[in-house]
Amino acid sequence: MPAAPAGAGAAQQPAEDDARIGVRLVDIPVARLTDPRARNYIIDHLKPGATIDRRVEVHNASPESQHVEFYPVGATVENNTFTALDGRSGNELSGWVSVGVNSVDLPPGGKKVVKVEIAVPETASAGERYAAVLAQVARTPTDRGNIGQIRRVGVRIYLNIGPGGEPPTDFSIGDIAGGPGPGQWPVVTAQVRNTGQRAIDMSGNLFLSRESGSSKAGPFKITTGVTVLPGQVGQVGTELNEPLSAGGWHVQLELTSGTVRRTAEGTITLPVPVRSVVARSAGGTRIAVPVVAGTALVGALLAFLAYRRHRRSGHYRRSRGALS
């Protein structure tokens with residue numbers, strides 16, 4: 001299959017700590033040059049008996065030399081999450097994958113391009129399958145501790161098998177809603193239904209404007225992208241990380257998966273902004289409590305602190321002793 005350099009394809013997130021490594025896809029099929037997903041993942045549609053070659057680059061971003069192992073593993077999509085299997089567990093697709101080298105030693109800043117081959121058997125049945133090619137570094141336990149570490153990064157594989165042309169990719173956007181987030185900022189979520197025949201990975205932007213037209217905000221990146229299987233529904237969302245007044249807002253949502261782009265508009269009501277009230281307990285400890293502005297929670301907090309001071313007082317101790 002003809003392929004072209006992936007160019008500015010984004011490297012996958014490097015592992016943490018001192019064993020930092022990153023991987024990226026080096027080339028993509030010419031037919032998918034306009035597909036953003038194909039710059040990060042191995043995505044293709046093949047007939048039984050076909051073979052493709054791809055290249056993956058691993059980069060040692062740590063200040064130390066690293067022994068890096070390469071291997072394929074099976075993967076699943078469950079609860080709208082693409083997950084590589086534990087250890088070196090395989091599935092049907094990973095059994096069709098071979099890598100050019102099993103391991104390599106990389107100096108600090110070193111890079112290595114590894115060939116990945118996928119050979120589909122003549123007897124392969126139709127359908128989409130999932131796997132990953134992983135780069136792994138392992139740290140053995142030291143004299144100061146008995147816990148080792150394993151870090152893995154990789155490139156996903158989405159492979160559809162069948163005769164004829166590739167099955168269609170499509171999705172629709174459902175309800176859009178706004179509500180309180182886990183922290184200071186509100187969150188806007190939307191339901192996405194996969195109406196096509198291939199898995200989708202969601203990304204996109206959200207724009208807001210006051211219903212009166214007096215102010216605008218965005219774009220906000222969709223930060224909770226999900227993988228949705230055909231016929232299933234997933235939820236995407238983004239945190240509105242800037243001060244926005246409560247009340248009605250008009251929203252425009254743009255979502256993409258590969259070359260498919262869909263938009264939706266609607267009206268949401270943002271909650272009252274969350275802020276932190278800082279108070280001191282009877283012992284002088286500072287307490288930061290997130291409360292919704294304009295509610296009675298501040299009064300409840302102050303009442304609780306008054307109770308704490310009363311409980312710590314000698315009068316409370318004497319009263320408790322008299323009752324007993």
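How many aromatic pairs does the structure hold? I looked this up in what is a predicted model, and I found four aromatic pairs.

**Entry: the rings around Phe82**

I started with Phe82 and Tyr130. Their ring centres are 6.3 Å apart and their planes stand at 85 degrees, so I noted the pair as edge-to-face. Phe82 sits in strand S7 and Tyr130 in strand S11 (residues 127-139), so this pair ties together parts 48 residues apart in sequence. Both Phe82 and Tyr130 are buried.

Next I checked Phe82 against Tyr158. This aromatic pair is tilted, with 5.2 Å from centre to centre and 40 degrees between the planes. It also links distant parts of the chain, since Tyr158 belongs to strand S12 (residues 149-161), 76 residues from Phe82 in strand S7.

I then looked up accessibility. Phe82 has 11% relative accessibility and therefore counts as buried; the cut-off is under 20%. Tyr158 is buried too, at 1%.

Putting the rings together, I see Tyr41, Phe82, Tyr130 and Tyr158 linked into a cluster by ring pairs.

**Entry: charges over rings**

Which residue lies over the face of Tyr158? I found Arg37 there, 4.8 Å from the ring centre. Elsewhere, Arg88 has its charged end over the ring of Tyr71, 4.0 Å from the centre.

**Entry: the second largest pocket**

I met Arg37 and Tyr41 again here: along with Asp201, Met202 and Ser203, they lie nearest the centre of the second largest pocket, which 17 residues line. Strand S7 (81-84) and strand S20 (247-257) are the elements that each give two or more residues to this lining. I put the pocket volume at about 280 Å³. By class, I noted five nonpolar, nine polar and three charged residues in the lining.

How values were computed. Residues are numbered from 1 along each chain as its sequence is written. This is a predicted model: local features need pLDDT of at least 70, side-chain atom pairs count only at pLDDT 80 or more; totals for chains, interfaces and linings use all residues. Side-chain values use heavy atoms; hydrogens and water are left out. On a 1 Å grid over the protein atoms alone, a cavity is a set of points where a 1.4 Å probe fits but cannot get out, and a pocket is an open set with protein on both sides within 12 Å along at least five of seven lines; lining residues have an atom within 4 Å of a point. Grid points are joined across faces, edges and corners, and a volume is the space filled by probe spheres set on the points. Helices (H or I, at least four residues) and strands (E, at least two) are DSSP runs, numbered from the N terminus. Ala, Val, Leu, Ile, Met, Phe, Trp, Tyr, Cys and Pro count as nonpolar, Asp, Glu, Lys and Arg as charged, and the others, Gly among them, as polar. Rings of Phe, Tyr and Trp (its six-membered ring) pair if their centres lie within 6.5 Å; planes under 30 degrees apart count as stacked, over 60 as edge-to-face and the rest as tilted. Buried means under 20% relative accessible area, exposed over 50%, partly exposed in between (1.4 Å probe, protein chains only). A charge sits over a ring if NZ of Lys or CZ of Arg is within 6 Å of the ring centre and within 35 degrees of the ring normal.
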